[in-house]
Amino acid sequence: MESRTLQLLEFPKVLDHLARFAHSVPGRNACLAIGPVADAQSQAELAELLDQFIAFRRESGFALAGFEDLGGLLAFAKGAESILDLDACFALAETLGLARSAREAVRGYSERPWAQLLGLALGCPWPELTWAGLRRCMGADGRLKDESSPELFTVRQEIRRINQTCTKKVKDFLQKENLSAFLQDDFMTVSSDRYVLPLKTNFKGRLQGIIHDYSQTGETCYFEPMFLVDLNNELQGLRREEREAERAVLRMLTDLVRREMDAVQGVFRFLVQYDVLQAKYALAEALGGRPLRADQGKGLHLRNARHPLLVLGGDPVVPIDISLTGDEYALIVSGGNAGGKTVCLKTLGLLSAMVLAGLPVSVDEGSVMPFWEKIFAFLGDEQSIEAHLSTFTAQIRSLASIWERIDECTLIILDEFGAGTDPAQGAALAQAVVDSLMERKARVAVATHFPALKVYGMSREGVRSASVLFDPKSKKPLYKLAYDQVGTSLALDVAREHGLPAEIVSRAEQYLLLEGQDTSRLMDRLNTVAVEKEKELEALRRERRILVEKESRLKERFEQERRKLLQNVQTESQRIVREWQEGKVSRKKVQQDLAELRRQLAAPEAGLEERELTFEDIQPGMSVHYAVWNKRGRVLEKDTRRRQVKIDLSGVSLWADAKDITVAAQAGRGASSPVRQTPSELAAEPGFTLSLDLRGQRSDVAIGELSRFLDQAILRGAKGVEVIHGRGTGALRKEVHEFLRRFPVVQSFRLASEEEGGDGKTLVEIK
């Protein structure tokens, strides 16, 4: 995209705001280098990544602190003889620690569908050796730990011994000679890397020793007593050994960094990208915006669009809708000066550039935008005295220079195009330009004062007209956009508002009347109608939002009450079954209680719309409503000879007559989704044969299922049941028969005949 267009749209100012939200220097530099991408796939990936990061940030609350720029450090470390110093190693350790914290924070959400964010955080290899070496060697104070190497440990132990010896000797000497009054401070210090005493200058001739330095005031001299000379000499040798040991450790750490350079650089790039994402998140919060995916297959609809720089500047912003349907290619914006036409065009252009750059934009949810590979803007006065170009000539030359690059993936923004020449010719040229742009399928937004172009916008197919609105009484701009409407320029009202002498404005009005071009009354009327229309539309939108919220609350309340009712019925049915099992109530009483529960459920299920079926209409797999139990189920098979249908009611199978089956469709649910019910919720219905399929189950599981199934069959008043155990090895059949012999309410059982299913099924008669 042309840098000229980005400058005109003030895109760099947005990047400046973005960079202020970054926490690190490399993050700020990366923010300033952001630009629109060249293809739709890259834009979609940027939008998706930001969308995932915003969700992650809001849920986790994890924020990355600032970190050092490792660019120069890593470039230096690539040299074969280079050795990183302590500050560099400490900065690298701190930075890797931040990266590890960020990686672990993202890893904690690995179950979420955030593939791009996880790929960014975990996609690069971790420099294990470098990280382990830095953790082992670097202390929290930025110095090497004693344990970094055996040599360093030994020499530092000796240095500490020297320090203790010197301290003891100085203390004994001061006490013995009673010299406390000679000292400026009652402690030992270091000067020129040697242990010395801060002696008052006027006492320096009273003791034997070496003076190394004086304080700035001259009142203190740093005096080395003779008894410390040998110890200090030994200390100097140890300091040299310490530096050599530290250098060896730093060389080792640098070698590790050099060996894992690609991984270290990858982790650093991740940190920079994370910081940029943090800045984008902060920008989204400041704008009240969101990432937007550009889709070439859709039209343009920016809901409640706000100019980003006005929002970030704290100025009051009136949101506008910018809309073009899929078969509309041009938007002609008219209306009075200072009414917001140019701001509307700049908002469209700047938001488009931000979308292409993967930045959040200040629009509401539901906004859509096509993907534009190219955006060209012609805004303001482009005249150039040095180049001998007038405004009109500059516009023509700029348009001619990009004409061959315009195609269906192009957005053109024209502010007062053709205004620098004869109005009639300028308007004709502007119409011809819009026509030609539309032939190339480019989208174009135009702000104009030309009456001919306003008429063109209302009459040309594929063009939509809009007007900025003014208050009908005060003539103050409302900064709102009314579609399918043209507006007057209000030049005389604006001139009067901004202090032009009244006699000049009055003469201008007379000239308009003489020329017969005063259409202000008509335009005022149209503006008034448009303002009233916008108020009515806004009221309808508010009412719609209220109704949607009310509907949502009612649905939520209904669902809560439905769940509560089902839970109560379930609890009650379980109580009834438990009392029957404990012998507290009779079977007849249980049947009556369950029937009463079924009547309680009839009200929530009254929304079923039923249609009777003939036996021929019923097909296996069909979802049906079984009227006897007032439940929904699925057809398993048909018995043509008996003219019965086998249906599955949430795991319970039974044969039923076709007359008891209807097609059911429940509001809010698909007909193919039967209502889930527990067996105890089914009312008793004597005379039917229930079926249980145990094939493929372990014997202990199968016997448990069979026990519960027989209890349910007794509650329903069934006289017989079918138990399908399959042929197989016969082991399951044997276990079933053994259980049936012991079950008290089983009167008899037998294997089914070949017509009934063969020895893979057992028919049970219940007392």
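Strand β14 (residues 623-626) pairs with strand β15 (residues 631-639) in the antiparallel sense, over four bridges. The model described here is predicted. Across this pairing, V624 stands opposite G633 in β15. The hairpin of β14 and β15 has four residues between the strands, and N630 takes a positive phi near 55° there.

On its other pairing, β15 runs antiparallel to strand β16 (residues 644-649) over five bridges. Here K638 stands opposite V645 in β16. Four residues lie between β15 and β16 in the hairpin that they form, and R643 in the turn has a positive phi of about 55°.

**Helix α13**

Helix α13 covers residues 341-356; at 1.5 Å a residue, its 16 residues should span 22 Å, and the end C-alpha atoms are 23 Å apart, which agrees. Of the 16 residues of α13, 13 are buried, so the helix is largely enclosed by the rest of the structure. Just after α13, G358 adopts a positive phi of about 75°.

**The second largest cavity**

The model has two cavities of 30 Å³ or more. The second largest cavity has a volume of about 40 Å³. Its lining consists of Q43, A47, L50, P291, L292, V355, G358 and L359.

By class, the residues lining the second largest cavity are six nonpolar and two polar, with no charged residues.

Note on methods
Residues are numbered from 1 along each chain as its sequence is written. This is a predicted model: local features need pLDDT of at least 70, side-chain atom pairs count only at pLDDT 80 or more; totals for chains, interfaces and linings use all residues. Side-chain values use heavy atoms; hydrogens and water are left out. On a 1 Å grid over the protein atoms alone, a cavity is a set of points where a 1.4 Å probe fits but cannot get out, and a pocket is an open set with protein on both sides within 12 Å along at least five of seven lines; lining residues have an atom within 4 Å of a point. Grid points are joined across faces, edges and corners, and a volume is the space filled by probe spheres set on the points. Ala, Val, Leu, Ile, Met, Phe, Trp, Tyr, Cys and Pro count as nonpolar, Asp, Glu, Lys and Arg as charged, and the others, Gly among them, as polar. Helices (H or I, at least four residues) and strands (E, at least two) are DSSP runs, numbered from the N terminus. The expected span of a helix is 1.5 Å times one less than its number of residues. Buried means under 20% relative accessible area, exposed over 50%, partly exposed in between (1.4 Å probe, protein chains only). Two strands pair if DSSP finds at least two bridges between them.
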